[in-house]
Amino acid sequence: MISLLLLYTIINFQSDFKGFSSKDEALYYSKILNCDGYFSKDEDGKTSFFPCASQSELESAFQDKEVEPKVTEIWDPEPVAVNPGKTFSEAPSDAIVLFSSNNLDEWVHKNGEEAKWVIEGDYFTVNPGSGDILTKKSFGSCQLHVEFRTPTEISSSGQDRGNSGVYFMEDPKSPGDSGYEIQVLDSYKNRTYSNGQAASVYKQHIPLVNASKGPGEWQSYDIIFKSPVFSEKGNLESPAYITVFHNGVLVQNNVQIQGYVKYIGYPEYKAHPSKLPLKLQDHSNEVSYRNIWVREL
Ligand code: MG
């Protein structure tokens with residue numbers, strides 16, 4: 001059922017008096033607007049249903065109703081109840097938990113082998129040289145919470161300091177990187193190219209601010225990812241968009257992703273399935289992760 005606000009938009013922005021294809025919808029509005037509806041057939045034999053006798057009657061009926069607060073109340077649908085976590089970082093009841101402690105059962109190396117990163121209590125750490133790990137489950141548009149920690153000991157600078165990455169929609173069959181990367185890096189007093197620092201959409205979008213904590217401190221990303229849409233022929237119909245909060249600070253505000261991540265060259269899209277795994281990058285730095293959960297959107 002369309003809302004009264006949408007009906008208001010229809011009558012205000014369409015010069016023609018348009019009817020509904022659904023009799024039930026027209027009757028619903030006839031009833032609440034308290035006017036007499038009718039139906040008519042066009043030349044093609046298609047029936048349209050009108051909630052009021054004319055456009056002007058519809059408008060005046062709506063204006064009469066507009067003054068009543070109830071007219072702008074929307075009751076359907078009612079949001080499903082979800083139990084939030086005890087803290088803002090804890091998984092809500094409808095989330096898929098990808099790591100809480102003890103095992104990497106939700107993860108696998110790109111070559112299909114068991115994930116060999118190192119688990120210690122409630123976190124795990126990149127095992128340098130063992131390769132990236134991907135979720136066994138596939139996701140499209142989603143909300144992701146992930147916490148990470150770059151090494152306390154600083155042994156390098158720029159892109160070699162606490163480098164890892166959170167990838168969306170990584171194709172396990174792709175020989176190289178194929179997903180969309182939010183960079184993980186130690187960007188605390190560590191200058192590098194701005195579109196390659198922590199919380200950048202790697203080589204595409206500079207974060208709005210640098211909200212990094214220091215080496216060895218736990219940090220969080222809360223990410224809202226809208227997956228791209230491809231036509232059946234593989235043409236891009238709608239690009240991907242991403243919003244990122246770094247340690248609770250908005251750093252990417254619904255930016256349009258230009259294509260899959262590329263270290264060399266300009267980003268471009270390649271058609272892919274509507275759901276693919278998430279990926280964490282092994283960039284040979286001992287970055288740790290904990291408390292990872294995702295909600296499908
Ligand atoms: Mg990286």
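This is a predicted model: local features need pLDDT of at least 70, side-chain atom pairs count only at pLDDT 80 or more; totals for chains, interfaces and linings use all residues.
Biologist: What makes E106 and K137 a salt bridge?

Modeller: Their closest N and O atoms are 2.9 Å apart, and the cut-off is 4 Å between a Lys or Arg nitrogen and an Asp or Glu carboxyl oxygen, so the pair qualifies. E106 sits in the loop between β3 and β4 and K137 in the loop between β7 and β8, so the contact ties together parts 31 residues apart in sequence. A search of the whole structure finds twelve salt bridges.

Biologist: Why is K137 called partly exposed?

Modeller: Its relative accessible area is 34%.

Biologist: Why does K262 count as buried?

Modeller: K262 has 19% relative accessibility, and buried means under 20%, so it falls on the buried side. Its salt-bridge partner is E268, with the closest N and O atoms 2.7 Å apart. E268, at 37%, is partly exposed.

Biologist: What makes D186 and R161 a link between separate parts of the chain?

Modeller: D186 lies in the loop between β10 and β11 and R161 in the loop between β8 and β9, so the pair joins parts 25 residues apart in sequence. The two side chains meet in a salt bridge at 2.8 Å, N to O. Both D186 and R161 are buried.

Biologist: How do you know which residues coordinate the magnesium ion?

Modeller: A donor must be an N, O or S atom within 2.8 Å of this metal. N163 (OD1), S164 (O), E181 (OE), Q183 (OE1) and Q281 (OE1) lie at 2.2 to 2.5 Å, so they count as donors. Their spacing in sequence is N-S-x16-E-x1-Q-x97-Q. Q183 belongs to strand β10 and Q281 to the loop between β16 and β17, so these two tie together parts 98 residues apart. Q183 and Q281 are both buried.

Biologist: Why is the pair of Y180 and Y269 called tilted?

Modeller: The ring centres are 5.9 Å apart and the planes stand at 50°. Y180 is in strand β10 and Y269 in the loop between β15 and β16, 89 residues apart. Y180 and Y269 are buried.

Biologist: How do you know that the charged end of K279 sits over the ring of Y167?

Modeller: The charged end is 4.1 Å from the ring centre, against a limit of 6 Å. R149 is placed likewise over the ring of Y123, 4.7 Å from its centre.

Technical notes
Residues are numbered from 1 along each chain as its sequence is written. Side-chain values use heavy atoms; hydrogens and water are left out. Helices (H or I, at least four residues) and strands (E, at least two) are DSSP runs, numbered from the N terminus. Buried means under 20% relative accessible area, exposed over 50%, partly exposed in between (1.4 Å probe, protein chains only). Donors are N, O and S atoms within 2.8 Å of the metal (3.2 Å for Na, K and Ca); water is not among the atoms, so sites may look incomplete. Rings of Phe, Tyr and Trp (its six-membered ring) pair if their centres lie within 6.5 Å; planes under 30 degrees apart count as stacked, over 60 as edge-to-face and the rest as tilted. A charge sits over a ring if NZ of Lys or CZ of Arg is within 6 Å of the ring centre and within 35 degrees of the ring normal.
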